[in-house]
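Biologist: I would like to learn how to read a model like this one. Can we go feature by feature?

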Amino acid sequence: MPAPLSVNSDHNLVHDWLGPQFARLHPLLQALHLQGGLLSGPVDIVFGKGLAGLVGRRLAAKLGVPTDLAPHTLAVHIRPGGDGLHWDRCFDGKHWFRSLFVPRGHWPSGYWIEQSGAIGLQLGVEVIEGGWHWQTRAVRLGRLSLPRWCLPRTRARKRIVDGRYQFSVAISVPLFGVVLAYSGLLKADTLPASL
């Protein structure tokens, strides 16, 4: 397993991990990953139909995602730290979903480990038209690696649209299809002075 990258005052985890690909990110995404930031705005939450919806609601409850279809807001605080890239998501000011992203190796063969509670995702990255697209490579539940045939599939991306941060996350499970999806168009509460 590749060693995690470390942070020092002269480098940034995302910049160092992506290497030349970093320049392909939209400038607002570059700034967000270099300096961190706070994003907020409305979010749409969708669950699968029937049994897939029940699975999706159970998963949402474990992740801190609201389980009803009422209008919701999301605030995301992204900050680089010595142990990785922290993403603290808060739905409606009360439902928290925190995760830590730790890079391993370097792009393109390297990956990120997103750790949230007992769940660990191994994620590859592609930069497409200035946006960031995650690709699930492996899933761990505690120390147990899930076999590929039963891996949940996560489609997650972020990109800039009209100066705002558009994101979407969709989680599908074999035999059920999409069980949970959420998306939104968020604004930065304070943009970096250099932009």
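Biologist: Let us begin with R79. Is R79 buried, partly exposed or exposed?

Modeller: Keep in mind that this is a predicted model. Burial is read from relative accessible area: under 20% is buried, over 50% is exposed, and partly exposed lies in between. R79 has 32% relative accessibility, so R79 counts as partly exposed.

Biologist: Which residue forms a salt bridge with R79?

Modeller: The cut-off is a side-chain nitrogen of Lys or Arg within 4 Å of a carboxyl oxygen of Asp or Glu. D88 meets that with R79: their closest N and O atoms are 3.3 Å apart. D88 is buried, because its relative accessible area is 11%.

Biologist: What else does D88 form a salt bridge with?

Modeller: R98, with the closest N and O atoms 3.8 Å apart. D88 lies in strand β3 (residues 84-91) and R98 in strand β4 (residues 95-104), so the pair ties together parts that are 10 residues apart in sequence. R98 is partly exposed, at a relative accessible area of 47%.

Biologist: How many salt bridges does the structure hold?

Modeller: The structure holds 4. One of them joins the side chains of E114 and R89, at 3.5 Å from N to O. E114 lies in strand β5 (residues 111-116) and R89 in strand β3, so this pair ties together parts that are 25 residues apart in sequence.

Biologist: Are E114 and R89 buried or exposed?

Modeller: Both E114 and R89 are buried.

Biologist: Now backbone angles. Where is a cis peptide bond found?

Modeller: Read omega. From W107 to P108 the peptide bond is cis, with omega near 10°. P108 sits in the loop between β4 and β5.

Biologist: And phi? Which residue other than glycine has a positive value near 55°?

Modeller: D92 has that phi. D92 belongs to the loop between β3 and β4. D92 is partly exposed, since its relative accessible area is 27%. Another case is E129, a residue other than glycine with a positive phi near 50°. E129 lies in the loop between β6 and β7 (131-141). E129 counts as exposed, because its relative accessibility is 78%.

Biologist: What follows helix α2?

Modeller: G36, whose phi is positive, near 80°. In α2 (residues 27-35) itself, the buried residues include L28, L29, L32 and H33.

Biologist: Let us turn to strand β6. Is V127 buried or exposed?

Modeller: V127 lies in β6. V127 is buried, because its relative accessibility is 2%. I128 is also placed in β6 (residues 119-128). I128 is partly exposed, with a relative accessible area of 42%.

Biologist: Next, empty space. What is the general idea?

Modeller: Rolling a probe the size of a water molecule over the atoms shows where empty space is left.

Biologist: What volume does the largest pocket have here?

Modeller: About 1000 Å³. Its lining has 43 residues, and the closest to the centre are L59, L63, L121, T154 and I171.

Biologist: Which element gives the most to the lining of the largest pocket?

Modeller: β10 does, with 7 residues.

Biologist: How many residues of that lining are nonpolar, polar and charged?

Modeller: The lining of the largest pocket divides into 31 nonpolar, 5 polar and 7 charged residues.

Biologist: Last, the surface. Which residues make a nonpolar patch?

Modeller: L51, L54, L175 and F176 make a nonpolar surface patch of about 480 Å². L175 is exposed, with a relative accessible area of 91%.

Biologist: Where is L175 found?

Modeller: L175 is in the loop between β10 (164-173) and β11 (177-188).

Terms used:
Residues numbered from 1 in each chain as written. Predicted model: local features only at pLDDT ≥ 70, side-chain atom pairs only at ≥ 80, totals over all residues. Heavy atoms only, no water. Patch = residues over 30% accessible without salt bridge, like charges linked within 9 Å, V, L, I, M, F, W, Y side chains within 5 Å. Areas by Shrake-Rupley, 256 points an atom, 1.4 Å probe, with all protein chains shown as cover. Helix = DSSP H or I, 4+ residues; strand = E, 2+ residues; numbered from the N terminus. Buried < 20%, exposed > 50% of the residue type's maximum accessible area, 1.4 Å probe, protein only. 1 Å grid on protein atoms, 1.4 Å probe; cavity = no way out; pocket = protein on both sides within 12 Å on 5 of 7 lines; lining within 4 Å. Points joined across faces, edges and corners; volume = space filled by probe spheres on them. Nonpolar A, V, L, I, M, F, W, Y, C, P; charged D, E, K, R; others polar.
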